[in-house]
Amino acid sequence: MSSVRYELRGHTALITLDNPPVNGLGAALRSGIMQALDQALADAAVQAIVITGSERAFSGGADVKEFGTPLATQEPRLPAVIAALEGAAKPVIAAISGVCMGGGLELALGAHYRVARADAQLALPEVKLGLMPGAGGTQRLPRAIGLQAALEMIVTGATAKAAKFQGSALLDAIAEGDSVAAALELAHRIVTQGLPRKRLRDITISDPGAQAALQAMRESVAKTSRFLPAPGKCIDAVEMCLTTPFDEALARERETFLALLGSPEARALRHIFTAERAASKVPGIPEGTALRPIARVGVIGAGTMGAGIAMNFLSAGIPVVLLEMKQEALDRGVATIRRNYEGTVKKGRLTNAQLEANMERLTPTLAYDGLRDVDLVIEAVFENLEVKRQVFTTLDDTCKPGAILASNTSYLNIDSIAGFTRRPQDVLGLHFFSPANVMRLLEVVRGAKTAPDVLATCMALAKKIGKMAIVSGVCDGFIGNRMLARYNAAVAGLIAAGASPQQLDGALQAFGMAMGPCRVGDLAGLDIGWATRKRRAEEAGVPFVPIIADKLCEAGRFGQKTGAGWYRYEAGSREPIPDPVTQQIIDAYRAERGIVPREVSDAEIVERCMFALANEGARILEEGIAARASDIDLVYLNGYGFPRHRGGPMFNATLVGLPEVVKALQRFAAEPGADAFWQPAPLLLKLAAEGKGFS
Ligand code: NAD
């Protein structure tokens, strides 16, 4: 009973959950509660029972570490513990402070009375892990706070403060101070006044608006959670409160919960949950590394990226000096920032006062002098090594010692850039994604000489500005764009072979990608890849051989910005319209190479594109560019519109089965004229042979 403390307070037994940090309801804690309850019930001197947790947590719910292990299903399971509380012959009062979530809230809902501190945080967040409450939450919470409020909480997983529920059947008292003292007092009152043991299950819901609310939620979920079964199942479960006898509803809730638990979607979301916690642990950086203070930031270049990058810091309350070459470009950048903030004000997510405060933190300048006292500079000028050299030598001469010098380059070598300065230890890549004020991903590129505290400082700063930071080593394109090159090569091959842009986009969007590759190309500008491929050919000293996307560029079709790319666009519209001109360019390309177009299936499209990603990911892992496969997944999930329910390209490959992936890659590699990148990576072969996955 080590996870539970048991004491007597007069005639009340006090059961305290003691499984730090958040009283995760692991097997030991569950059985501890049962034993303590039995002890209290067996003791004739005990008249009431108070169950509580710590200041920090009543209970944060299931112990995620036990998921997928035998401990998760070891008896007693949570529903049995809750049934024991609810069925106890003596009144049970839950005293709640801190977090009370998931199984923790379900446990509290099984008590006869509940007392909570006003600031306790209540939620049933299971849906965020692709699950639904599986221990009565979908049946008891609606009875406690009303069907509509519960529906909202269960389907969104949102957290609410206890104070919000004052007056509902959820809480019998709100404690301003110590919830245990308040619960003991209530226990005394219950016993002396002979108050009944109240069970939420005995409440009947009557809500004339219930059906309409359920319907509205179904419509909203159909739009926002197309690929995830859990939100819909949550709605079905809540509906049972109106239609189904309590015990039958509990059994069905549990059954659906267990089915969801093993679903690929829930496994993917659990993978993301652990991946996000792992990403901040960077090999070679001791915990507790002293960070450099970042009170002022400089941004060089106020173009597409510079303006967005600056906004991240302004919004986080950090002053920014924004430097440009020409007044006109500077004015344009400042205007872009203001316009973006105005858009947020219009949406009601920012006040005018906040907008003005953000703008006040911005110092536009044309002179490097303004950068003398900044703690971090992020360069976002043209993607040209010579221009970067000029900027970094000037920064080296200007910035104070210890200032961190970062480049937002997409492809250039960070070590070369660091070499332009006398302080390579202070240089690293901070690769934001467009639009930089919106996209969550930040690749933090560690140069050969980047100091550990520089890296640690930038990881902490990323968190402060709301980014998901992933450390990458130096290579062409870092993690994300290096893999993207393979994905796009697969796309190019598929179009050459016989697929149309529409079919490609359709197949990958049906797989779950936020946007198909041809639409992405048109949005980002096909000229960027064209320039990169030309540069690579030049660097490699080989002749440049255009692919179909380059043929589109040669015809002046750069995408949305020129009104046509893979698709054509009406003026002022972003709606892609299939274009016979594109088809002619594709046909001409095929004819030139003697390619006879063939049927390409949607399944083949998905296979080739996904396995090209996973295979390059394996090389990236092998080379130590990424520390772990889950980091690669996070790059794709947060920067490339990869569907969360698939868990990322590496997790997806693991789910498919690495031997399957290897077999397919070997098939593609054996085709006449196949690109060398289809050869399975040695790490992939090794893991497949060992029967392992990537994680
Ligand atoms: P951009 O052309 O929109 O902006 C570049 C800005 O830098 C221009 O306003 C230009 O006037 C200014 N500039 C050029 N030389 C300068 C100098 N010496 N001093 C001061 N200002 C100077 O380009 P962008 O798309 O914002 O890209 C900037 C960098 O970010 C590039 O390295 C690019 O590879 C990288 N990047 C771009 C994207 C993207 O999607 N656009 C995404 C990630 C990274």
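Asp63 counts as buried because its relative accessibility is 14%, where buried means under 20% relative accessible area, exposed over 50%, and partly exposed in between, as found with a 1.4 Å probe on protein chains only. The structure is a predicted model, in which local features need pLDDT of at least 70 and side-chain atom pairs count only at pLDDT 80 or more, while totals for chains, interfaces and linings use all residues. Residues are numbered from 1 along each chain as its sequence is written, and side-chain values use heavy atoms, with hydrogens and water left out.

Asp63 belongs to the loop between strand E4 (57–59) and helix H2 (70–73); helices (H or I, at least four residues) and strands (E, at least two) are DSSP runs numbered from the N terminus. Apart from neighbours within four places in sequence, Asp63 is in contact (heavy atoms within 4.5 Å) with Asn19, Gly24, Leu25 and Gly26. The side chain of Asp63 also meets that of Lys65 in a salt bridge, at 3.6 Å from N to O, a salt bridge being a side-chain nitrogen of Lys or Arg within 4 Å of a carboxyl oxygen of Asp or Glu. Lys65, in turn, counts as exposed because its relative accessibility is 70%.

By this rule the model holds 50 salt bridges. In one of them, the closest N and O atoms of Asp397 and Arg422 are 2.6 Å apart. Asp397 lies in helix H15 and Arg422 in the loop between helix H16 (414–418) and E16, so the pair ties together parts that are 25 residues apart in sequence. Asp397 is exposed at 57% relative accessibility, and Arg422 is exposed with a relative accessible area of 62%. A further salt bridge joins Lys663 to Glu660, with 3.3 Å between the closest N and O atoms; both residues lie in helix H27 (residues 658–669), 3 residues apart, or about one turn of the helix. Salt bridges also link Arg482, Arg486, Glu616, Arg619 and Glu623 in a network.

Around the ligand there are 21 residues, of which Met305, Glu324, Glu383, Lys388 and Asn408 come nearest, a residue being near if one of its heavy atoms lies within 4 Å. Helix H12 (304–315), helix H15 (385–398) and strand E16 (427–432) each supply at least two residues of this shell, and H15 gives the most, with 3 residues. An oxygen atom of the ligand is 2.5 Å from an N or O atom in the side chain of Glu324, and for the side chain of Asn408 the corresponding distance is 2.9 Å.

How values were computed:
Polar contact = N/O pair within 3.5 Å; in protein donor to acceptor, adjacent residues only side chain to side chain.
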